[in-house]
Amino acid sequence: MAETQSAHSIAYTRAPFSTWLGIVCLFVLFGLIVLAVIGPSPRTSDYEETRAKKRMEKLKALHEETQKDLTTYAWVDKNKGVARIPIDRAMELTVADLAQKKPAPAGPIATPASAEATAGKPAAPAAPQGAAVSSSPAEAATKAGPPSSVAAPPSPATQQSPPAPASPAPATTP
């Protein structure tokens, strides 16, 4: 039984020191070669600098072109009689034109009908120009004057029956 245990055990031998020293020397040699190749090459590239200069030149040219368009007179389409004028002059003309016009009075602002009102009621006719628009009898009562101590029930004319179905029931044959 002792023989079977010794047969199954694996003997590990330690690598000699010279093997480890050789591996370390190979890594150092590889590092020196890489340093020799990469070391003298320039670390920065002027590629980005030249791109930045070109972008700045294009931006400057575009700025000069737009300034020329905004400050000079020129024909846009001579056949149609369309010309470009300086922006300062255009603003002066616009202000002078608007000063000559009298502002038109604004009409009343209509409040949108509630979803409840639009679902069961037909569209209400448009109110006259000076009339106020209200969407419910309660709003009309509050706009009409101070509330009274006794509230009147709504009249039958303001109450409506539920909407009729959209399509009639299908006819049955006997």
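1. Confidence. pLDDT is the predictor's confidence in each residue, on a scale from 0 to 100. The protein has a mean pLDDT of 74, and 57% of its residues reach 70 or more. Two stretches call for caution. Over residues 130-135 the pLDDT is below 50, and this stretch has seven contacts in the model beyond near neighbours in sequence; a contact means heavy atoms within 4.5 Å.

2. Ground rules. This is a predicted model: local features need pLDDT of at least 70, side-chain atom pairs count only at pLDDT 80 or more, and totals for chains, interfaces and linings use all residues. Residues are numbered from 1 along each chain as its sequence is written, and side-chain values use heavy atoms, with hydrogens and water left out.

3. Layout. The protein has six helices and two strands. Read from the N terminus, the order is α-α-α-β-β-α-α-α. These elements are DSSP runs numbered from the N terminus: helices are H or I with at least four residues, strands are E with at least two.

4. Of the 174 residues, 1% count as buried. Buried means under 20% relative accessible area, exposed means over 50%, and partly exposed lies in between (1.4 Å probe, protein chains only). Among contacts with a separation of 6 or more, 13% join residues 24 or more positions apart.

5. Surface. The accessible surface comes to about 16600 Å². Carbon and sulfur atoms hold 65% of that surface. The areas come from the Shrake-Rupley method with a 1.4 Å probe; for residues, only the protein chains shown count as cover.

6. Nonpolar patch. Leu26, Leu29, Phe30, Ile33, Val34, Val37 and Ile38 form a nonpolar patch on the surface. Together they have about 690 Å² of accessible area. Patch members have over 30% relative accessible area and no salt bridge; like charges are joined within 9 Å, nonpolar side chains (Val, Leu, Ile, Met, Phe, Trp, Tyr) within 5 Å. Leu29 lies in helix α2, residues 17-38. Leu29 is partly exposed, at a relative accessible area of 48%.

7. Strand β1 (residues 74-77) and strand β2 (residues 82-84) pair in the antiparallel sense over three bridges. Pairing requires that DSSP finds at least two bridges between the strands. Ala74 stands opposite Arg84 in β2. The two strands, β1 and β2, form a hairpin with four residues between them. Gly81 in the turn has a positive phi of about 80 degrees.

8. Four salt bridges turn up in a search of the whole structure. The criterion is a side-chain nitrogen of Lys or Arg within 4 Å of a carboxyl oxygen of Asp or Glu. One of them joins the side chains of Glu48 and Arg51 at 3.6 Å, N to O. Both residues lie in helix α3 (residues 47-71), three residues apart, about one turn of the helix. Glu48 is partly exposed at 46% relative accessible area, and Arg51 is partly exposed at 36%.

9. Helix to strand. The side chains of Asp69 and Arg84 also meet in a salt bridge (3.6 Å, N to O). The pair links distant parts of the chain: Asp69 sits in helix α3 and Arg84 in strand β2, 15 residues apart. Asp69 counts as partly exposed at 27% relative accessibility. Arg84 counts as partly exposed at 26%.

10. Lys101 and Asp97. These side chains meet in a salt bridge of 3.9 Å, N to O. Lys101 is exposed, with a relative accessible area of 52%, whereas Asp97 is partly exposed at 37%.

11. Thr72. Thr72 lies in the loop between α3 and β1. Thr72 is partly exposed, at 28% relative accessible area. Leaving aside residues up to four places away in sequence, Thr72 touches Arg84, Ile85 and Pro86. Thr72 and Ile85 are 13 residues apart in sequence but 6.2 Å apart in space, C-alpha to C-alpha.
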